[in-house]
Amino acid sequence: MVSLGCPKNLVDSERILTKLRSDGYAMSPDYAGADVVLVNTCGFLDSAKEESLEAIGEAIAENGRVIVTGCMGKEAEVIRARFPNVLAVTGAHQYEEVVGAVHDAAPMPPNAFLNLVPESGLKLTPRHYSYLKISEGCNHRCAFCIIPALRGDLVSRRPDAILREAEKLVEAGTKELLVISQDTSAYGVDIRKQPRMWKGEEIVPHMTDLARELGKIAPWVRLHYVYPYPHVDQVIPLMAEGLILPYLDIPFQHASPSVLRMMKRPANEAKVLERLKNWRAIAPDLTIRSTFVVGFPGETEQDFQYLLDWLDEAQLDRVGAFRFEPVEGAAANDLPGAVPEEVKEERYARIMEKTAAISAAKLQAKIGRTVEVIIDEVGEEGGATGRSQADAPEIDGEVFLRDAGHLNQGDIVMVEIEDADEHDLYGVPLA
């Protein structure tokens, strides 16, 4: 399995592998030992599509028997034109079609052992953290995005099914649940009048209710892809109580009202600043991570400077930035005012310099403090690497520990912070 793209794709890959393992198939660690190779593609940006096509090409060159699935499956004709020998092409979260294609390509021997799957399913992440997908699709129609065309409108999972999966993951060793979807804040809007019973209580399909119940199951619960709807205010007290992590991943994308309107996103940046201030008053350790697009069509120097000034006020903890790329099928492609590539590069460098300085100052302020850290890896010479509550895996910073050889992966320990740089912390575990 070659799994590309976002954590939502990773969850799709885990579900496919879980079903295949329950059917008796085993995973190969390399191309040479595989009867068939699955490539789960990303199709969000042109650069991601090219990466997907390169991965398909590598799999064909190394193995020759390839099944393609994922978001780029919507463009089967493009894939087949470049790689006519692929065995099958399916779209995102079409699990049954993928499994059926594997059965056709590599039929199981008649006497296979079938009881090979742990109750929590197969995972592509370390044992101690797991992604928990709560819905598919999205109801937004942002000008730069084709996710609704790839994955459809919002379809929420039943809350009892989500909680049951969370319990199984924790029973299997998960310490940190990373809640994901295309729009976590919108969870349940399609099934709001369909409450479900869970452990003798009625659970309403709503982000706040779900977060509260998940906080009772796992030591750490982290919310991703949260749009700042008004009801997000309700989850902040849960963070102050320690029920879920004081962490929000909010894709603001920009701050200039004119750019937000062109993006077809809510242009209420002033109110957002006020809400950030209120949230931090309730949960002082709250970490806000976000992503921004620079060089969107029509973005002026004034718009970009507005964004930089907004970031000075917002003081976001973790920031990623992307240069705008036209995506086939996106409405933004038809907008006037294309920004030259050299201007995009210059603005990208400026926003990264700005946000790195903010991050460095915030991390410097943590020197001398004691923070809770989950251990991701223990080295052979007494060191260890972990993450604080402010750090999601793969996308945020890390905490590098000395004198930590006695720890194990998945341990949650208190750490004294001794040093910091722009993105990471350094410390020692307390006895």
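User: Which residues of the largest nonpolar core touch the most other members?

Analyst: In this predicted model, the largest nonpolar core has 50 residues, and those that touch the most other members are Leu248, Trp310 and Leu316. Helix H11, residues 301-314, gives the most to this core, with 6 residues. A second core of 20 residues is separate, and Cys42, Leu45, Phe144 and Ala330 are among its members.

User: What does Leu248 touch, leaving out residues up to four places away in sequence?

Analyst: Leu248 touches Leu223, Val226, Val232, Ile236, Met239, Trp279, Leu286, Thr287, Ile288 and Arg289.

User: Why is Ser181 called buried?

Analyst: Buried requires a relative accessible area under 20%, and Ser181 has a relative accessibility of 0%, so Ser181 counts as buried. Ser181 lies in the loop between strand E8 (176-180) and strand E9 (196-198), and, apart from neighbours within four places in sequence, Ser181 is in contact with Lys8, Ile134, Ser135 and Tyr225.

User: What makes the approach of the Ser181 side chain to the backbone nitrogen of Thr184 a polar contact?

Analyst: The cut-off for such a pair of N or O atoms is 3.5 Å, and the Ser181 side chain reaches the backbone nitrogen of Thr184 at 2.8 Å. The backbone nitrogen of Asp183 is likewise reached by the Ser181 side chain, at 3.2 Å.

User: How do you know that the span of helix H1 agrees with its number of residues?

Analyst: Helix H1, residues 7-22, has 16 residues, which at 1.5 Å a residue should span 22 Å, and because its end C-alpha atoms are 22 Å apart, the two agree. Among the buried residues of H1 are Lys8, Leu10 and Leu17, and H1 is followed by Gly24, whose phi is positive, near 105°.

How values were computed. Residues are numbered from 1 along each chain as its sequence is written. This is a predicted model: local features need pLDDT of at least 70, side-chain atom pairs count only at pLDDT 80 or more; totals for chains, interfaces and linings use all residues. Side-chain values use heavy atoms; hydrogens and water are left out. Helices (H or I, at least four residues) and strands (E, at least two) are DSSP runs, numbered from the N terminus. The expected span of a helix is 1.5 Å times one less than its number of residues. Buried means under 20% relative accessible area, exposed over 50%, partly exposed in between (1.4 Å probe, protein chains only). A nonpolar core is a set of buried Ala, Val, Leu, Ile, Met, Phe, Trp, Tyr and Cys residues joined through side-chain atoms within 4.5 Å. Contact means heavy atoms within 4.5 Å. A polar contact is a pair of N or O atoms within 3.5 Å; within protein, one must be able to donate a hydrogen and the other to accept it, and residues adjacent in sequence count only if both atoms are side-chain atoms.
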